[in-house]
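User: Hey, I've just opened this one and I'm new to it. Can you walk me through it?
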Amino acid sequence: MHELSIVMGIIDIAEEAVKNNHAQKVDSIELEIGTMAGVELQALDFAWEAAVKNTVLANADREIVTIKAKARCMDCGAEFLIHDQFEACPMCHDFLNEFIQGKELRVKSLVVS
Amino acid sequence: MCSTCGCDQPDGVTITKVGESKLSFRPVEENHLVKPGHHHTHDSGKKIIEVEQDILAKNNKSAQHNRFHFKEDNIVAINLVSSPGSGKTSLLEKTLKNAEGLNCYVIEGDQQTMNDANRIAKTGVPVVQINTGKGCHLDADMIHHALHQLNPAPDSFVFIENVGNLVCPALFDLGEDFRVAIISVTEGDDKPLKYPDMFEGSDLCIINKMDLLPYVDFDIIRCKEYARRANPNIEFLEASATRGEGIAEWVEWLREKSKERVSV
């Protein structure tokens, strides 16, 4: 249930943005989460509800932009979408892949007022 | 409930050095709480802020801080991760007893109890226990606080035994030099397939309880192949913490790595 720690990290970022912009609260927040970031969205939802109470995010709309994981084959250089760590390269069927996207865990933007 | 700031939990995280009665409580950060009734009613207008900020940035910053201190004092830090019951503490006990010439320190992480720290303390090695309460992993800030209690000497090894959990600790950099995943043959050989994040981020995989191999259905070759799919560079050692097999090789691995690290 590390998703709770993730939400606490989001709250910290939101608090700072609110403070720096002399605002009172967050109206909406946009998150970017890669499909290989190790975050379970259902668990994030569960943690979110409990954690944002009495914070600047209490009534904020939340948008999650999912970033599909992409890998590059270290053998033939092909780039392809990947759904788990164990997918073989579709071109040469090798397992030596490195991720080039899909590990993102970011607060992209906030609307404060 | 909250392992980050202890906000939902009166006792929060506690860090205790064996042999000292004093408990240190991690300060509760309340700065994210908005006091009820303090909302201003006037409309200050909406403002869009592009922050593009990594959510784990705070942890990563603490991890960098720890890493800086480790480097400064030429300390090798090892983060030991596994599921509960794989034999992390037994392996560590055996290691400490056989690590001649190595100056060792231990940070133990568990949700509750001083049991593991007390076991380690019997080997004579300085040890600090972190109890995460309900938290499922150690984070870099906890390690930072623990290091202040432990006060490791220069040119030493700090072993960090993470909370038994193959999922959550994978995401949290502690500032360690090496992450070592321990898997025992009494678990399934498909653990690396089920929990790939942990193996992807580990430098070494120790396969423990090798003495029990004849009695269980565990295919070592398959297990290694699965782990290599998650991480082609992962190294392997086979060990039995109770019988002492593989411990010398593991200590040698530590010595080699510390040399490599110094020469970098």
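User: How many salt bridges cross the interface of chain A and chain B?

Analyst: The rule finds 6 of them across that interface, a salt bridge being a side-chain nitrogen of Lys or Arg within 4 Å of a carboxyl oxygen of Asp or Glu. One to look at joins the side chains of A:R106 and B:E52, at 3.8 Å from N to O. Before we go on: this is a predicted model, where local features need pLDDT of at least 70, side-chain atom pairs count only at pLDDT 80 or more, and totals for chains, interfaces and linings use all residues. Residues are numbered from 1 along each chain as its sequence is written, chains are lettered from A in the order in which they are written, and side-chain values use heavy atoms, with hydrogens and water left out.

User: How many residues does each chain put into the contact?

Analyst: Chain A puts in 41 residues and chain B 41 residues, where contact means heavy atoms within 4.5 Å.

User: New topic. How many salt bridges are there over all chains?

Analyst: A search of the whole structure gives 23. One of them pairs the side chains of A:R72 and A:E98, 3.4 Å from N to O.

User: Why does that pair tie together separate parts of the chain?

Analyst: A:R72 is in strand β3 (residues 70-73) of chain A and A:E98 is in strand β5 (residues 97-101) of chain A, so the pair links parts that are 26 residues apart in sequence.

Definitions and conventions
Helix = DSSP H or I, 4+ residues; strand = E, 2+ residues; numbered from the N terminus.
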